[in-house]
Amino acid sequence: MRDVLSSALLSDGATSTTHTQWLADEAATVLAGQHLAAQLAPGMTVFLEGTLGAGKTTITRGILNAFGHSGAVKSPTYTLVEPYEQLVPPVYHFDLYRLGHPEELEYMGIRDYFSPESICLVEWAARGEGVLPLPNVVLRLTPKKCEESQAVGRELTTIVMTY
Ligand SMILES: Nc1ncnc2c1ncn2[C@@H]1O[C@H](COP(=O)(O)OP(=O)(O)OP(=O)(O)O)[C@@H](O)[C@H]1O
Ligand SMILES: [Mg+2]
């Protein structure tokens with residue numbers, strides 16, 4: 001499977017800016033999501049990259065918090081998408097880990113979700129390559145040990161795309 005970001009960068013005229021920061025604990029990941037939400041606008045697509053347990057759903061919780069959602073954020077592993085349609089703008093959180101084939105997204109009416117009115121946050125976007133739109137923002141989470149404390153935290157790389 002090709003790296004989704006490499007594919008995005010191959011599209012004509014695409015450029016990106018990259019910013020890396022250290023997230024010491026879960027609270028820092030939530031806060032990073034809250035801050036990032038200020039950069040999001042209706043119609044935008046965010047890809048969340050990282051291994052199992054990297055913190056993709058945790059940073060999603062921060063983004064949803066900033067848009068006014070205070071409850072739990074469950075991973076839509078089996079349903080593929082969790083809608084937050086009460087929010088302004090509406091947010092759709094995808095977890096495509098169990099997607100068998102990108103075409104399954106066509107059957108679930110993917111184009112209705114990726115509308116100019118909503119924000120879509122997508123975990124495991126590589127599973128839907130070719131059917132999903134290109135991302136406006138890629139959030140890449142990497143578990144790492146802090147050199148000083150040896151505690152495990154996360155490195156967050158934020159990549160903002162322009163096409
Ligand atoms: N900065 C951090 N430092 C240490 N632990 C963190 C940090 N951010 C999140 N975590 C922890 O990482 C764990 C996994 O989080 P999460 O469920 O968000 O991962 P995920 O990437 O969505 O996994 P999956 O691929 O299974 O959906 C949680 O236990 C959370 O507390
Ligand atoms: Mg998750």
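The model is a predicted one, and its chain holds five helices and seven strands. Going along the sequence, these elements come in the pattern α-β-α-β-α-β-β-α-α-β-β-β. The radius of gyration is 15 Å, close to the 15 Å from the globule rule for 163 residues, so the chain is as compact as a globular protein of that length. The C-alpha trace spans about 50 × 35 × 30 Å along its principal axes. Buried residues account for 33% of the 163 residues. As for contacts, if one takes those between residues at least 6 apart in sequence, 70% of them join residues at least 24 apart.

The seven strands make an open sheet with mixed pairing, and the order across it is 1-7-6-2-5-4-3. Strand 1 (15–23) and strand 3 sit at the edges with a single partner strand each, so one side of each has no neighbour in the sheet. On average, and with direction ignored, neighbouring strands are turned by 15° against each other.

Some of the pairings can be followed residue by residue. In general, strands of a sheet pair through backbone hydrogen bonds, in either a parallel or an antiparallel way. Here, strand 4 and strand 5 pair in the parallel sense over five bridges, with V91 opposite I119 of strand 5. Strand 5 is also joined to strand 2 by four bridges, again with the two running parallel; in this pairing V46 has L121 of strand 5 as its bridge partner. On to strand 6: four bridges connect it to strand 2, and these two strands run parallel. Bridge partners in strand 6 include V138 for F47 and L139 for L48.

The pairing of strand 6 with strand 7 is antiparallel and counts nine bridges. One of the bridge pairs puts K144 with G153 in strand 7. The two strands form a hairpin with six residues between them, and in the turn Q150 has a positive phi of about 65°.

Now for the helices. Helix 2 lies across strand 1 and strand 7, and runs at about 150° to strand 1. Helix 3 packs on the sheet too, where it touches strand 2, strand 3, strand 4, strand 5 and strand 6; its direction makes about 165° with that of strand 5. Why is helix 3 described as largely enclosed by the rest of the structure? Nine of its eleven residues are buried, so the helix is largely enclosed. The buried set is K56, T57, T58, I59, T60, R61, G62, I63 and L64. The packing partners of these buried residues are helix 2, strand 2 (45–49), strand 3 (81–84), strand 4 (91–95), strand 5 (119–123) and strand 6 (137–145).

The stretch that follows helix 3 has details of its own. G68, just after the helix, takes a positive phi of about 105°. H69 belongs to the loop between helix 3 and strand 3. With 17 C-beta neighbours inside 10 Å, H69 counts as partly exposed. Leaving aside residues up to four places away in sequence, H69 touches L64, Y84 and L87. H69 and Y84 are 15 residues apart in sequence, and their C-alpha atoms are 8.1 Å apart in space.

Last comes the ligand. Which residues come nearest to ligand 1? Of the 19 residues around the ligand, these are T29, G55, K56, T57 and T58. Helix 2 (26–37), helix 3 (56–66) and strand 7 (152–162) each give at least two residues to the shell. By type, the shell has five nonpolar, eight polar and six charged residues.

Key:
Residues are numbered from 1 along each chain as its sequence is written. Chains are lettered from A and ligands numbered from 1 in the order in which they are written. This is a predicted model: local features need pLDDT of at least 70, side-chain atom pairs count only at pLDDT 80 or more; totals for chains, interfaces and linings use all residues. A residue is near a molecule or strand if its C-beta atom, placed from the backbone, lies within 6 Å of it. Ala, Val, Leu, Ile, Met, Phe, Trp, Tyr, Cys and Pro count as nonpolar, Asp, Glu, Lys and Arg as charged, and the others, Gly among them, as polar. A residue is buried if 20 or more other C-beta atoms lie within 10 Å of its own, exposed if 12 or fewer, and partly exposed in between; C-beta atoms are placed from the backbone. Two residues are in contact if their C-beta atoms, placed from the backbone, lie within 7 Å. The radius of gyration is taken over C-alpha atoms; the globule rule is 2.2 Å times the number of residues to the power 0.38. Two strands pair if DSSP finds at least two bridges between them. Axes are lines fitted to C-alpha atoms, for helices over the stretch in contact, and angles run from 0 to 180 degrees between N-to-C directions.
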